[in-house]
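Subject: Structure handover

Hi,

Here is the structure for you to look through. Please open it alongside this email.

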Amino acid sequence: TRVNGDEEVIGFLVGLKEMKVGAVIALGFPRSYNMMNVKTMIQGEKGYADYDMFARPAFQALERRDTVYKRNTARDFFNYFGAKDGDDGLPWRDVGGGVRKCQIQEFALTSKLVKTLENNLGTPMDIYDLTVTWSEGCLCTKAEEELNLKVVNIRTWDQGPSLLLKNQVSALVDTVLDIDPENSFVFIHCAGGIGRTGNLAY
(Lines give C-alpha, C1' and ligand atoms only; values in the text may rest on other atoms or scores of the structure.)
Protein backbone atom coordinates (compact mmCIF):
# COMPACT_ATOMS: atom_id res chain seq x y z
CA THR A 1 0.00 0.00 0.00
CA ARG A 2 0.95 3.66 -0.27
CA VAL A 3 1.47 3.96 3.52
CA ASN A 4 3.88 1.05 3.56
CA GLY A 5 5.73 2.63 0.64
CA ASP A 6 6.09 5.90 2.55
CA GLU A 7 7.51 4.06 5.56
CA GLU A 8 10.04 2.24 3.38
CA VAL A 9 11.25 5.48 1.78
CA ILE A 10 11.52 7.23 5.15
CA GLY A 11 13.39 4.30 6.70
CA PHE A 12 15.77 4.19 3.74
CA LEU A 13 16.58 7.91 3.93
CA VAL A 14 17.04 7.94 7.70
CA GLY A 15 19.29 4.90 7.37
CA LEU A 16 21.47 6.74 4.84
CA LYS A 17 21.95 9.61 7.28
CA GLU A 18 22.82 7.25 10.14
CA MET A 19 25.40 5.54 7.90
CA LYS A 20 26.91 8.93 6.94
CA VAL A 21 26.25 8.38 3.24
CA GLY A 22 27.07 11.30 0.95
CA ALA A 23 26.35 9.77 -2.45
CA VAL A 24 23.96 7.12 -3.74
CA ILE A 25 24.33 5.30 -7.05
CA ALA A 26 20.94 3.89 -8.05
CA LEU A 27 21.13 1.36 -10.88
CA GLY A 28 17.78 0.80 -12.56
CA PHE A 29 14.39 2.40 -13.06
CA PRO A 30 12.01 4.22 -10.67
CA ARG A 31 9.16 3.30 -13.01
CA SER A 32 7.59 0.11 -14.33
CA TYR A 33 9.47 -1.52 -17.18
CA ASN A 34 9.90 -4.74 -19.12
CA MET A 35 11.02 -7.32 -16.55
CA MET A 36 12.03 -10.04 -19.00
CA ASN A 37 15.61 -10.91 -18.08
CA VAL A 38 17.82 -13.89 -17.31
CA LYS A 39 16.13 -14.38 -13.93
CA THR A 40 12.85 -15.30 -15.63
CA MET A 41 14.32 -17.62 -18.25
CA ILE A 42 13.84 -21.37 -17.91
CA GLN A 43 14.82 -24.41 -19.91
CA GLY A 44 11.60 -24.95 -21.79
CA GLU A 45 9.88 -24.61 -25.12
CA LYS A 46 8.60 -21.10 -24.47
CA GLY A 47 11.84 -19.76 -22.98
CA TYR A 48 10.35 -17.61 -20.20
CA ALA A 49 8.63 -18.66 -17.01
CA ASP A 50 6.21 -15.71 -17.35
CA TYR A 51 5.75 -16.02 -21.12
CA ASP A 52 1.94 -16.09 -20.99
CA MET A 53 1.75 -12.84 -19.08
CA PHE A 54 4.24 -11.00 -21.27
CA ALA A 55 2.51 -12.26 -24.44
CA ARG A 56 -0.53 -10.08 -23.66
CA PRO A 57 -0.99 -6.94 -25.80
CA ALA A 58 -0.47 -4.60 -22.83
CA PHE A 59 3.11 -5.85 -22.48
CA GLN A 60 4.28 -5.42 -26.06
CA ALA A 61 5.27 -1.73 -26.04
CA LEU A 62 8.72 -0.68 -24.85
CA GLU A 63 7.26 2.17 -22.83
CA ARG A 64 5.29 0.46 -20.09
CA ARG A 65 2.54 3.04 -19.49
CA ASP A 66 -0.43 0.68 -19.55
CA THR A 67 -2.13 0.36 -16.16
CA VAL A 68 -2.37 -3.41 -16.61
CA TYR A 69 1.42 -3.56 -16.80
CA LYS A 70 1.85 -1.42 -13.68
CA ARG A 71 -0.40 -3.71 -11.67
CA ASN A 72 1.56 -6.80 -12.63
CA THR A 73 5.22 -5.82 -12.29
CA ALA A 74 7.43 -3.94 -9.90
CA ARG A 75 9.87 -1.13 -10.58
CA ASP A 76 13.45 -1.45 -9.34
CA PHE A 77 13.07 0.98 -6.44
CA PHE A 78 11.01 3.89 -5.11
CA ASN A 79 11.39 7.31 -6.73
CA TYR A 80 12.99 8.83 -3.64
CA PHE A 81 15.13 11.23 -5.73
CA GLY A 82 12.34 12.82 -7.81
CA ALA A 83 12.72 11.46 -11.35
CA LYS A 84 9.99 12.89 -13.59
CA ASP A 85 8.92 9.47 -14.89
CA GLY A 86 8.64 7.80 -11.49
CA ASP A 87 5.27 6.01 -11.21
CA ASP A 88 5.23 4.74 -7.62
CA GLY A 89 2.75 7.35 -6.36
CA LEU A 90 5.12 9.55 -4.34
CA PRO A 91 3.67 13.10 -4.57
CA TRP A 92 6.50 14.93 -6.33
CA ARG A 93 5.65 18.33 -7.81
CA ASP A 94 7.64 20.66 -10.07
CA VAL A 95 8.56 24.07 -8.63
CA GLY A 96 10.69 25.30 -11.56
CA GLY A 97 14.35 25.40 -12.50
CA GLY A 98 14.70 21.63 -12.49
CA VAL A 99 13.64 21.50 -8.82
CA ARG A 100 10.97 19.14 -7.51
CA LYS A 101 9.52 18.84 -4.01
CA CYS A 102 7.78 16.04 -2.13
CA GLN A 103 6.24 15.81 1.34
CA ILE A 104 6.13 12.39 3.03
CA GLN A 105 4.60 12.75 6.49
CA GLU A 106 6.97 15.19 8.30
CA PHE A 107 9.79 14.63 5.80
CA ALA A 108 10.34 17.38 3.19
CA LEU A 109 12.28 16.26 0.11
CA THR A 110 13.81 18.69 -2.39
CA SER A 111 15.45 17.35 -5.53
CA LYS A 112 17.33 19.22 -8.25
CA LEU A 113 18.38 17.60 -11.51
CA VAL A 114 21.97 18.78 -11.92
CA LYS A 115 23.06 16.97 -15.06
CA THR A 116 21.95 14.38 -17.61
CA LEU A 117 24.43 12.47 -19.75
CA GLU A 118 23.43 9.87 -22.34
CA ASN A 119 25.41 6.95 -23.75
CA ASN A 120 25.46 6.05 -27.44
CA LEU A 121 22.20 4.11 -27.01
CA GLY A 122 20.44 7.18 -25.63
CA THR A 123 20.27 5.73 -22.11
CA PRO A 124 20.56 8.51 -19.52
CA MET A 125 22.62 8.87 -16.38
CA ASP A 126 21.01 11.55 -14.21
CA ILE A 127 22.72 13.35 -11.31
CA TYR A 128 20.56 14.90 -8.59
CA ASP A 129 21.12 17.01 -5.49
CA LEU A 130 18.70 15.70 -2.86
CA THR A 131 17.96 17.44 0.43
CA VAL A 132 15.73 15.88 3.08
CA THR A 133 14.67 17.74 6.25
CA TRP A 134 12.62 16.55 9.21
CA SER A 135 12.19 16.98 12.97
CA GLU A 136 12.94 14.42 15.66
CA GLY A 137 12.04 14.32 19.33
CA CYS A 138 9.23 15.89 21.36
CA LEU A 139 8.40 19.58 21.82
CA CYS A 140 11.00 20.25 24.51
CA THR A 141 13.83 18.34 22.83
CA LYS A 142 12.92 18.69 19.15
CA ALA A 143 15.89 18.65 16.79
CA GLU A 144 15.95 19.57 13.12
CA GLU A 145 17.63 16.94 10.95
CA GLU A 146 18.95 17.34 7.42
CA LEU A 147 20.30 14.88 4.87
CA ASN A 148 22.18 16.08 1.79
CA LEU A 149 22.89 13.56 -0.94
CA LYS A 150 24.24 13.31 -4.43
CA VAL A 151 22.12 10.72 -6.27
CA VAL A 152 23.35 9.21 -9.53
CA ASN A 153 20.62 7.28 -11.35
CA ILE A 154 22.03 5.02 -14.07
CA ARG A 155 19.24 3.53 -16.18
CA THR A 156 20.30 -0.07 -16.70
CA TRP A 157 18.29 -3.26 -17.15
CA ASP A 158 18.27 -6.09 -14.66
CA GLN A 159 21.39 -8.27 -15.01
CA GLY A 160 22.70 -5.86 -17.64
CA PRO A 161 25.92 -3.80 -17.80
CA SER A 162 25.89 -0.05 -17.17
CA LEU A 163 27.32 0.75 -20.63
CA LEU A 164 28.80 4.05 -19.46
CA LEU A 165 30.77 6.27 -21.81
CA LYS A 166 33.97 8.05 -20.77
CA ASN A 167 32.22 11.34 -19.94
CA GLN A 168 29.65 9.50 -17.82
CA VAL A 169 32.37 7.68 -15.88
CA SER A 170 34.19 11.00 -15.35
CA ALA A 171 31.00 12.63 -14.03
CA LEU A 172 30.37 9.65 -11.75
CA VAL A 173 33.91 9.82 -10.32
CA ASP A 174 33.70 13.61 -9.89
CA THR A 175 30.41 13.27 -8.04
CA VAL A 176 31.82 10.70 -5.63
CA LEU A 177 35.02 12.69 -5.02
CA ASP A 178 33.06 15.91 -4.39
CA ILE A 179 30.94 14.69 -1.49
CA ASP A 180 31.16 16.04 2.07
CA PRO A 181 34.17 14.52 3.93
CA GLU A 182 31.98 14.17 7.02
CA ASN A 183 29.53 12.02 5.08
CA SER A 184 31.85 10.25 2.72
CA PHE A 185 30.30 6.82 2.29
CA VAL A 186 28.90 5.77 -1.09
CA PHE A 187 25.78 3.58 -1.18
CA ILE A 188 25.23 1.52 -4.35
CA HIS A 189 21.94 -0.26 -5.00
CA CYS A 190 19.72 -1.74 -7.70
CA ALA A 191 16.60 -3.83 -7.10
CA GLY A 192 18.10 -6.87 -5.38
CA GLY A 193 21.76 -5.96 -4.87
CA ILE A 194 23.13 -9.11 -6.54
CA GLY A 195 23.65 -8.15 -10.20
CA ARG A 196 24.00 -4.54 -11.28
CA THR A 197 25.25 -3.41 -7.84
CA GLY A 198 28.09 -5.92 -7.85
CA ASN A 199 29.00 -5.16 -11.45
CA LEU A 200 29.43 -1.44 -10.75
CA ALA A 201 31.16 -1.91 -7.39
CA TYR A 202 33.66 -4.32 -8.98
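Predicted model: local features only at pLDDT ≥ 70, side-chain atom pairs only at ≥ 80, totals over all residues.

Aromatic pairs first. The count comes to 6 aromatic pairs. One is F107 with W134: the ring centres are 5.0 Å apart and the planes sit at 20°. Planes under 30 degrees apart count as stacked, so this pair is stacked.

Where do F107 and W134 sit in the chain? F107 belongs to strand β4 (residues 107-118), and W134 to strand β5 (residues 124-136).

Are they buried or exposed? The cut-off for buried is under 20% relative accessible area. F107 has 5%, so F107 is buried. W134 is buried too, at 3% relative accessibility.

There is also an aromatic cluster. F12, F77, Y80, F81, Y128 and F187 make it up.

Now the strands:

- β4 and β5 are antiparallel, paired over 10 bridges.
- K115 lies opposite I127 in β5.
- The hairpin of β4 and β5 has 5 residues between the strands. There, G122 takes a positive phi near 85°.
- β5 also joins strand β6 (residues 143-154), through 12 bridges. These two run antiparallel as well.
- M125 stands opposite I154 in β6.

Best wishes

Technical notes
Residues numbered from 1 in each chain as written. Heavy atoms only, no water. Phe/Tyr/Trp six-rings, centres within 6.5 Å; stacked < 30°, edge-to-face > 60°. Helix = DSSP H or I, 4+ residues; strand = E, 2+ residues; numbered from the N terminus. Buried < 20%, exposed > 50% of the residue type's maximum accessible area, 1.4 Å probe, protein only. Pairing = 2+ DSSP bridges.
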